[in-house]
Amino acid sequence: MPADTPPSVPHTAQNWPIAGNMLAFGPTGPDGEPVSEAPTSYWADCLAQMRDLGFSHIDPTDAWLPLHRLTDARLEEFTQVLADHDLQIPSISMTRNSVVDAQHGERNLADAHRLIDIAPEFGATIVNTGFMQAFTPAQADALWFWLAEGHVDDPALRPLAVERIRELGDHAQANGIQLSLEMYEDTFIGTPDEAVAFIRDVDHAAVGLNPDLGNLVRLHRPVEDPDAMFEKVLPHTNFWHIKNYSRDFDPATGAYATVPLPLKHGYINYRRIIRRALELGFTGPFCCEHYGSDSIGVCAENRDYIRQVLGSATPARTSPISEENPA
């Protein structure tokens with residue numbers, strides 16, 4: 001798309017679907033049972049907190065409520081609780097359930113298919129998945145899990161990964177929705193170059209990227225400049241887990257330091273990046289995430305920030321990211 005031809009934008013700044021991720025509530029209910037087995041009163045309490053913060057959309061990630069494990073009767077109960085709180089679902093995210101997991105890959109693939117069938121019932125247009133896997137013991141014990149080494153994808157499984165994602169893409173397309181792949185370190189889509197190469201190999205109109213580059217800038221290792229990374233992946237983006245971190249490096253000691261921060265305070269300049277995404281034709285949902293502190297409260301602040309940026313840039317008429325054309 002030529003830079004001087006703004007894309008048609010289907011949303012306004014005020015009605016753009018910007019969800020709060022339910023990840024902060026955790027996978028267990030008040031009595032320690034899985035959230036899928038918790039009473040509807042617990043679901044209602046969680047959703048009421050999101051509504052009180054002004055959210056009109058949520059992402060019921062399977063790290064909170066795995067919808068694919070609910071019976072039809074319980075799905076109806078959840079639908080009613082959503083309606084009671086006037087909340088909508090633009091996206092459903094799978095977390096740490098890789099379809100090529102050595103032990104649970106086929107189960108995770110079946111779960112993804114189930115979510116693709118469920119998603120349209122809730123009006124969701126995106127099912128998000130990726131290749132990240134369960135925390136290692138070291139990650140579970142770390143202050144921040146990204147400070148410890150986690151799963152590393154086996155290159156030998158990449159052809160199978162491409163095959164299974166294409167299979168899910170076929171199913172998503174048949175159901176009128178899209179599949180999004182979340183970028184995450186040391187997976188098949190762990191860098192922008194790897195992510196773009198994977199998307200090109202899948203070569204499916206219903207499969208795009210979730211450029212969750214917060215997953216990368218928080219790492220205590222060298223990473224590309226954020227603007228350069230986004231410039232590679234934004235043309236393939238159909239959904240967006242969005243969060244930010246501080247990032248510092250001391251060349252004298254080789255030490256890195258990263259901490260979660262609200263969008264407008266962190267290392268990534270999201271005002272510039274969101275404007276660039278719109279210029280390149282992004283029209284998908286956002287999903288706000290944050291770790292530590294009052295996560296959902298920070299997500300609410302981030303939602304308002306995104307709306308302000310969208311309001312100043314819809315339709316976007318910015319120039320490509322470069323040193324010569326700063327925002």
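## Helix packing in a predicted model

The axes of helix H9 (residues 270-279) and helix H10 (residues 295-312) come within 10 Å and cross at roughly 55 degrees. Axes here are lines fitted to C-alpha atoms, for helices over the stretch in contact, and angles run from 0 to 180 degrees between N-to-C directions. Helices (H or I, at least four residues) and strands (E, at least two) are DSSP runs, numbered from the N terminus.

This is a predicted model, where local features need pLDDT of at least 70, side-chain atom pairs count only at pLDDT 80 or more, and totals for chains, interfaces and linings use all residues. Residues are numbered from 1 along each chain as its sequence is written, and side-chain values use heavy atoms, without hydrogens and water.

H9 and H10 are therefore oblique to each other. Angles under 35 degrees count as roughly parallel, over 145 as roughly antiparallel, 65 to 115 as roughly perpendicular and the rest as oblique. On the H9 side, the contact (heavy atoms within 4.5 Å) is made by Tyr270, Arg271, Ile274, Arg275 and Leu278. H10 supplies Tyr305, Ile306, Gln308, Val309, Leu310 and Ser312.

Helix H3 (residues 105-118) has 14 residues. From first C-alpha to last, H3 reaches 20 Å, close to the 20 Å expected at 1.5 Å a residue. That expected span is 1.5 Å times one less than the number of residues.

H3 packs against H5 at about 20 degrees, with axes 10 Å apart. The two helices are therefore roughly parallel to each other. Among the H3 residues in this contact are Glu106, Leu109 and His113. Those of H5 are Arg164, Glu167, Leu168, His171 and Ala172.

The two contacts compare by class as follows. Ala, Val, Leu, Ile, Met, Phe, Trp, Tyr, Cys and Pro count as nonpolar, Asp, Glu, Lys and Arg as charged, and the others, Gly among them, as polar.

| H9 with H10 | seven residues | two residues | two residues |

Phe78 lies in helix H2. At 0% relative accessibility, Phe78 counts as buried. Leaving aside neighbours within four places in sequence, Phe78 is in contact with residues including Trp43, Pro60, Ile89 and Phe122. The C-alpha atoms of Phe78 and Leu179 are separated by 23 Å.

Key. Buried < 20%, exposed > 50% of the residue type's maximum accessible area, 1.4 Å probe, protein only.
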